[in-house]
Amino acid sequence: MSEEQTVTIEVDGRELKAQAGAMLIDVTDAAGINIPRFCYHKKLSVAANCRMCLVEVAKVPKPLPACATPVADGMKVYTRSPLALAAQKGTMEFLLINHPLDCPICDQGGECELQDVALGYGSDVSRYVEGKRVVKDKDIGPLVATDLTRCIHCTRCVRFGAEIAGVRELGATGRGEHMTIGTYIEKSVDSELSGNIIDVCPVGSLTSKPFRFQARAWELTQFDGIAPHDSVGSNIHLHVRRNEVMRVHPKENEAVNECWISDRDRFSYVGLQSDERLTAPMIKRKGGWTEVDWPEALDETARVLKQLHGDQVGALASPASTLEELHLLQALMAGLGSNHVETRLRQNDFRGKAPSFPWLGRPIAELETVDAALLIGSNVRKEQPLLGHRLRKAALEGAQISYINPFEIDLNYAADQMVDTPFGMLADVAGVAKALGATGGLIDSAKVDETHQAVADQLKQATKASILLGNIAAAHPDYAILCGLAEKIAQASGATLGFLPQAANSVGAQLLTGKGNNAAEMLANPCKSYVLVGLEPAYDFWNPAQASAALKAADSVIALTSFRSPSLEQTATVMLPMAAFTETSGTFVNAEGIWQSFSGIVRPAGEARPGWKILRVLGNLLDLPGFEQESSEEVLAEIRENLADKKPDNSLGDELPAQQLSQTSGLQRIGDVPIYAVDPLVRRSMPLQQTHDAIAAAVYINANEAGKAGLSEGDRVSVKQDGHQATLGIIIDSNIPDGAVRIPAGVAGSETLAGQFGQVTLEKA
Amino acid sequence: MANEVCLRNMDLDRPWLLEQYKSRGGYQMLTKILTEKTPPDTIIEEVKKSGLRGRGGAGFPTGLKWSFISRNAPGQKFVVCNSDEGEPGTFKDRDILRYNPHQLIEGMIIAGYAIGATLGYNYIRGEFWEPYERFEHALEEARAAGYLGENLLGSGFDFELHSHLGGGAYICGEETALLESIEGKKGQPRYKPPFPAHFGLYGRPTIINNTESLASIPVILEKGGEWFKDLGVENSGGSKLFSISGNINKPGVYEIPMGTPFAELLEMAGGMKDGRPCKAVIPGGSSAPVIPGDMMLDLTMDYDAIAKAGSMLGSGAVIVMDDSNCMVKILERMSYFYYEESCGQCTPCREGTGWLYRVVHRIENGQGRWEDLELLEDVTKKIAGRTICALGDAAAMPVQGMLKHFRDEFEYHIEHKRCMVGA
Ligand SMILES: Cc1cc2nc3c(=O)[nH]c(=O)nc-3n(C[C@H](O)[C@H](O)[C@H](O)COP(=O)(O)O)c2cc1C
Ligand code: SF4
Ligand code: FES
C-alpha cells in the first residue's frame, strides 16, 4: 500500500478524501462526522468488539464496523441509514440490558460515553425483564476504583496495559457473559501510568479512587494547567469546585504528553489539602513559632535581609519554582549583592562547565523515533514516566535501548542493562567511549568488553541516536566525568547528547540561576543567612544532614513554603506561606525547551501568596530596583527580553575532569529518589504514598553482600555514612550489584544520612 | 458406495498403525510428490478440481483457500488442522484421529508442500485424550519413518508437525480463536479481514482446514480430482462423513457420497428407535436450523439441497429426533450451550446469547409471555450478521429454525405453562 495514495469516499452523501487504508472511523472523525463507538481508541489497537460503530457500506449486505474497515476508493458509506441505525440501536440495547443503569450514584455520570450515546441510540424502556449480571468489585490499589458491574467489555483498559503501560496487569478472564476485567490473581495495578485507565474506560467501571463520590462532573469547572512534577510539562486539565482542585486530567498535546499523564501528575493534587499547608506567615521567637500577619512578617524579613550583604546570603530554590519566582529571587539576591542562587540541590559534583541551556537534545516526540539510545544513570520510566513511554515506543519499533546504572531497573521492554557500582559505572561509560575510538582521561585506561562494543556499534550504526544523562547520573559523585564521557560518546558515535532534566523547571532554572556559589559550596561553607523557596531540608537536598546542619548554623533562614514540616520548622526562622501548584501563575521550561505558562486557578490556601508576589514585595520593602511588576506576565516579559537569544545548548567545556572523586573501597550508597518522593506536594499525596512505588527508606542489598555482612531480610541495621547514622531494615534485592547498597533518598528514614552517594557501613542494630 | 475416502481403511485390523496404512498404499502419494517434485500448483489445481469443500462447517472450497497463500513470500508459513470438533452432534474427526491418523498426517504434509510451509499444528479437542494419544503415536511413527522432519525422503523439503491439545472451549474451533489459542492467548476470534491466509498463526500466512478436509487430500490426489468430484453431486464433490445421532438404532459415523438421500442414511443408521416417527432433524450440527422430519425425509445430503430447505449441511452432524422430544426443551439446551460458549468479546453475542437462553428457559418453565416470541426473533436478528465470528449466527439460527417450524409448541408452553409433548 503506497502511503501517499489518497482515495475518495462518500459518507452520507459527502465526498471525503482520505489516505488509502485508513480506518473509516478516523476519516469520519477528521471530517466531523460522528459515529458512535466504545472500544475504539485512537491510541490503542483495533478490537472491533463493541459493535457500536456499525455502518452501512454500499454493496455489503451486513453492517461493518467503522473502526475496523479500511477505506477504499469509491466506497459509499451511510452512517445513519436504516440498516446502520438499526445495527447501532441493536448494539445499544444489548449494552444496556446488563448494565446497572445506576447513573445517579455513578461517578462517571454526566461524562459517561455510554450515557451520552444511550441518549441518542437507546430506548426509554427496556425489554429485558431477566435478572441482571452482577460482578464483584476488585481492589486494584489506592488509585483506581472498580465498579465492574458497569463494565461494557470494550477492553480498552486491557489494551492500554498491554500496549501503552507495557504491563499486562488487567485482563479479561472468563467467557461470554462471565467475562470480567481483573488482575486474575488478586493484586494491585502498579503501573506508573495506571490512572489513564480511568480516562480510557468509557463508563464508570474504572474511576478515580481519590475523587470517588467527591463531586459530580457538572459541578466542576475546567482550567488548563502544566503538571509540576517532572520535566515533561504534561498539559493538564484541572477540575475545580468551590476553589478546590477536585481532580486532574490530561489535556491532549501530541508533542508533549499525547493524551496521557503519569499517576504522579494525576494524583498529586490530593496533597494540596494536606493538614501541613502553611496558611499564615510565622516567625520563630524564643524557639517557638508565632503566627503573624503579612506586614509584620514582611517587615521582619526585610529587616533581616537588610542587615546582610554579598556573600553572606544564599538562596536555594526548588527546581520546580517558576521562571518568574526565580527571576525575582535572582533580582532580590542581586540587590543584596549576592549571586548565590541555586536549584541543583540533588547534585554534588559541579566540576566542569555546565551547559548553558541543558535539554533533552531533541523534541520529546522525536524520542520515539530514535534507533538507539544509551541512558546513563537514569530510571527514566519512574523519573520522567512519559519520556520513558516514548523510549518504550522506540524500543517496540526495534530501537536498541541500553542503560548504565548502579542498579537494575524494572523495564517494560527489552533493553541492555549494564549494572555496576557507582564507581564501576564510570568504567562502563568509558568502555563504551573507548569502543567508539574516543580518547582522553579515564577512557585511555578503560577496558572494552563485548557489551560496550555492542552498544558502541548500535550507537554508531543508528541514524538517530541519543545519549541521555538521567537523575541518578546528576547525583553521581563524578557527574562531571559522566557528562564529559557522555559527550565523548556522542561525538564519537554521531549520537545526540541530551539530559533528562529532573524537575518541572530544571531547564528554566538553569537559564536564570547558578552563577554564584553552587549548592555544594553554599552548604559546605554555611552562609549567614539563607532564603529557601519551596523546599524541605530533610528531603530535597543531596546531603540532607549537611543541609540541615548548615541551615541550623545560619543566623536566619527565610523560607517561602507551601507546607510546614518538622525539618523546616527546626531550621527556618521565618516561614512565609507560598501559593502551591494551581494557586499561582507562572512558566516552566520543559525538557524540550518549550516555555509553558499557566495561571493560578484557585485561591491560595489561607493567607498564602504567590511566590513571585512575595518576592516582589520584599524587593519593594528593600527599596531595590526592578520590582515594579504588576503581574506575573510582566515578570515573564522581562525574562523573555533577557533570554531572547538563548537557544538550547548542551555543549560542555572541553576539559574532562580527570580525577575521580568516588571512593573505590567499601560499600557504596546508591541514593536514588523514588518516583513519589520528588517534591513536597507529591510526598503529601496520600493515594500516591499508598502505592507500591512509594518505597520506604531501607537498605536494599543483594544476597551476596548481605551474606558477607551476616544480614538477612528484615534485619534492622545501623547505617553510618560520613559520621551520620540511620537505623533501617534490610531488603534483599538481586537488582543491586556487589559492593553497593541502595538507600533511597527523599523518603522518611534516610534524611539523617549524608549524600545520595558515598561510602556507608552497616552494623546489625 | 461407502467408505471411499477417510474411512477407507476401516476394514483393517488396526488401521491406525503405519504398516497397516502403508499396506493400502499410504504415503505413496507423498513419496511420489516428493520424488517427482510435483509442482505445487498442480496439486492445488487437482484439489480445486475435486470440488472438495471445507468439512469444518462453512463449506469453503479447499483448493481455492490454498491458492490465496502467496507461496513465495519469504518467512514461515503454517498448515493448521482443526480437530477441535466442538460442534454439538459432530464426532467424525475423532474417528479419523482414532482410525486413520496417518492419512491426516500425509494430507497435512502435502498441504505444507503445496503452500510452502514447513511447520504444521493439529489442534485437537481437549476432551479427545485417546484420539490425541493415537495421533501422537502416529506422529512418532511418521517421524521415525522419515515422513516428518528435515529433508523428507531426501527431497530437500522439511516438514514438522505437532499436535496441540485444546482446553475445552467451543470457540477455539473457530479458526482465528484457534490460532490465538495455539499462540498461548485467550481463545478469542480475530476480526477478519485480514484472513489467516495473509495474517495467520504468529501473523504468518496460514491455511487452516478441518481434519476431514485434510485427510481427504491423499486419496483425492491418488485417484484424481475428477474421481472425487464424481462421487458426489453438483456443487458437492466427494463423499462425506456424517455423524448421526439421536433417536435412532445405530448412531455412528458413516461415510457416504454427497447427494445420498437422507432416508438412506437413516436406514444405514438402523432407522428410528422403537419405530417412532421422525419428528425433526438438525442436519448439520447444532448451529444449523432444524428441519421437520417429513420434509427431511425428502432431502438429499448435499450442500444445495439442505440449503434450499433453509438449513445447512454444516459439519455433517445429523441429529434425529422422534416425537417424544419437546422442541422448547431442545432449544433451551442448545441456547444454553451458546450462552456458555460465547467468548464474550462482542456485544451482540455476549449479551444476546444470555438473553435468548433466559427467555427460552422461562418459556420452558411456564413463565413465558406472548411477547417473548417476537422478542426472541428480534434478538436473533440483532445478533446475526453483526458479530466478529459466526458463533453469533450459530446461536441465532437454531432459535429462528425452531420458531419457524415448531412455533405451536412454544405457544402451547406459553398458554398452558407446560409441555405439549406427552400432554
Ligand atoms: C464458533 C465456531 C466453531 C467452530 N468449530 C469448528 C470445529 O470444531 N472444527 C472445525 O473444523 N471447524 C470449526 N469451525 C469452522 C472454522 O472456523 C473454519 O471455518 C474451518 O476450520 C475451516 O476448515 P475447512 O475449510 O476445512 O472447513 C467453527 C466455526 C465457528 C464460528
Ligand atoms: S460472535 Fe461471540 S464468540 Fe464470536 S467473537 Fe463475538 S462474542 Fe466471541
Ligand atoms: S468502536 Fe468499532 S466495534 Fe467498537
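On a 1 Å grid over the protein atoms alone, a pocket is an open set of points with protein on both sides within 12 Å along at least five of seven lines, and its lining residues have an atom within 4 Å of a point. In this predicted model, local features need pLDDT of at least 70 and side-chain atom pairs count only at pLDDT 80 or more, while totals for chains, interfaces and linings use all residues. Side-chain values use heavy atoms, without hydrogens or water; residues are numbered from 1 along each chain as its sequence is written, with chains lettered from A and ligands numbered from 1 in the order in which they are written.

We can begin with the second largest pocket, which is lined by 34 residues; Ser45(A), Arg159(A), Glu180(B), Lys185(B) and Gln188(B) lie nearest its centre. Two elements of chain A, α4 (156-165) and β7 (171-173), each give two or more residues to this lining, and α4(A) supplies the largest share, 4 residues. Helices (H or I, at least four residues) and strands (E, at least two) are DSSP runs, numbered from the N terminus. The pocket has a volume of about 1,300 Å³, a volume being the space filled by probe spheres set on grid points that are joined across faces, edges and corners. Its lining has 16 nonpolar, 9 polar and 9 charged residues. In this classification, Ala, Val, Leu, Ile, Met, Phe, Trp, Tyr, Cys and Pro are nonpolar, Asp, Glu, Lys and Arg are charged, and the others, Gly among them, are polar.

Oxygen atoms of ligand 1 lie 2.8 Å from a side-chain N or O atom of Asn209(B), 2.9 Å from one of Asn82(B) and 3.3 Å from a backbone N or O atom of Arg55(B). Of the 610 Å² of accessible area that ligand 1 has on its own, the protein covers 90% (Shrake-Rupley method, 1.4 Å probe).

Around ligand 2 there are 13 residues, of which Cys343(B), Cys346(B), Cys349(B), Thr387(B) and Cys389(B) come nearest. This shell has 8 nonpolar, 5 polar and no charged residues.

How values were computed
On a 1 Å grid over the protein atoms alone, a cavity is a set of points where a 1.4 Å probe fits but cannot get out, and a pocket is an open set with protein on both sides within 12 Å along at least five of seven lines; lining residues have an atom within 4 Å of a point. A polar contact is a pair of N or O atoms within 3.5 Å; within protein, one must be able to donate a hydrogen and the other to accept it, and residues adjacent in sequence count only if both atoms are side-chain atoms. A residue is near a molecule or strand if one of its heavy atoms lies within 4 Å of it.
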